[in-house]
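The report below follows a few of them.

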Amino acid sequence: MTIITRTNETHENLISPTESTSSDPRELLFREAKQRARRRKLRWVMAVVALALTAGVVAGVTYGAGGSTARGHAPVPPLALTSAKVLTCQGTGVVRPRTYIITCADGYTQLTNTHWTTWTAKSAAGITTFAMNLCKPYCAASKMTYYPNSAVSFTSPIATKHGSLFSLLTVRYRSGGRPHVFHFSYRGDPSFTK
């Protein structure tokens with residue numbers, strides 16, 4: 001390892017380009033004033049950005065928790081009052097899902113275009129388009145059949161490792177001019193265990 005030192009460099013060569021080589025005090029004061037003005041402007045910009053972000057977060061929370069939607073639906077109650085949820089196929093607890101796959105393994109029963117009229121800690125009710133694969137002649141060859149204006153409800157909340165989850169789904173739909181009831185229980189589902 002070789003170390004090279006130069007002893008004949010003057011002090012003037014070691015001054016950084018940002019340091020002033022001028023001895024004029026007015027020039028030094030002018031540069032310092034410009035730097036202070038830049039820092040002050042940067043602080044104002046950062047304050048405005050922080051204020052805008054805070055306002056955006058507050059507006060988003062207010063809209064998501066209690067505001068009404070642009071489509072004129074009823075206001076959504078604050079999430080703190082709606083502690084019971086339903087579990088998605090991905091294992092996430094959700095409140096008021098618009099679309100919901102009931103049977104995760106095959107996706108042959110679903111709620112689509114759902115409008116919830118109530119959602120509390122004890123029950124939820126709404127109107128949905130119930131979709132079901134009738135498996136005629138067999139499931140892979142059959143298309144989904146849709147039953148619009150079906151009544152849907154979630155009931156029987158139970159405490160789980162995911163929090164309070166509804167354990168019973170009931171859909172009342174009409175087929176061939178006759179009323180039908182579809183029940184689905186989540187009790188015994190391994191994802192519901194504590």
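Strands (E, at least two residues) and helices (H or I, at least four) are DSSP runs, numbered from the N terminus. Thr128 sits in strand E5, residues 124-133. This is a predicted model, where local features need pLDDT of at least 70, side-chain atom pairs count only at pLDDT 80 or more, and totals for chains, interfaces and linings use all residues. Residues are numbered from 1 along each chain as its sequence is written, and side-chain values use heavy atoms, leaving out hydrogens and water.

Buried means under 20% relative accessible area, exposed over 50%, and partly exposed in between (1.4 Å probe, protein chains only). Thr128 has 2%, so Thr128 is buried. Contact means heavy atoms within 4.5 Å. Not counting residues up to four places away in sequence, Thr128 touches several residues, including Thr114 and Tyr147.

Tyr147 belongs to strand E6, residues 144-160. Leaving aside neighbours within four places in sequence, the contacts of Tyr147 include Phe130 and Tyr173.

| Residue | Relative accessibility |
|---|---|
| Tyr147 | 7% |
| Phe130 | 0% |
| Tyr173 | 12% |

Rings of Phe, Tyr and Trp (its six-membered ring) pair if their centres lie within 6.5 Å; planes under 30 degrees apart count as stacked, over 60 as edge-to-face and the rest as tilted. The whole structure has 11 aromatic pairs. Phe130 and Tyr173 have ring centres 5.1 Å apart and planes at 45 degrees, so this pair is tilted. Phe130 lies in strand E5 and Tyr173 in strand E7 (residues 163-175), so the pair ties together parts 43 residues apart in sequence.
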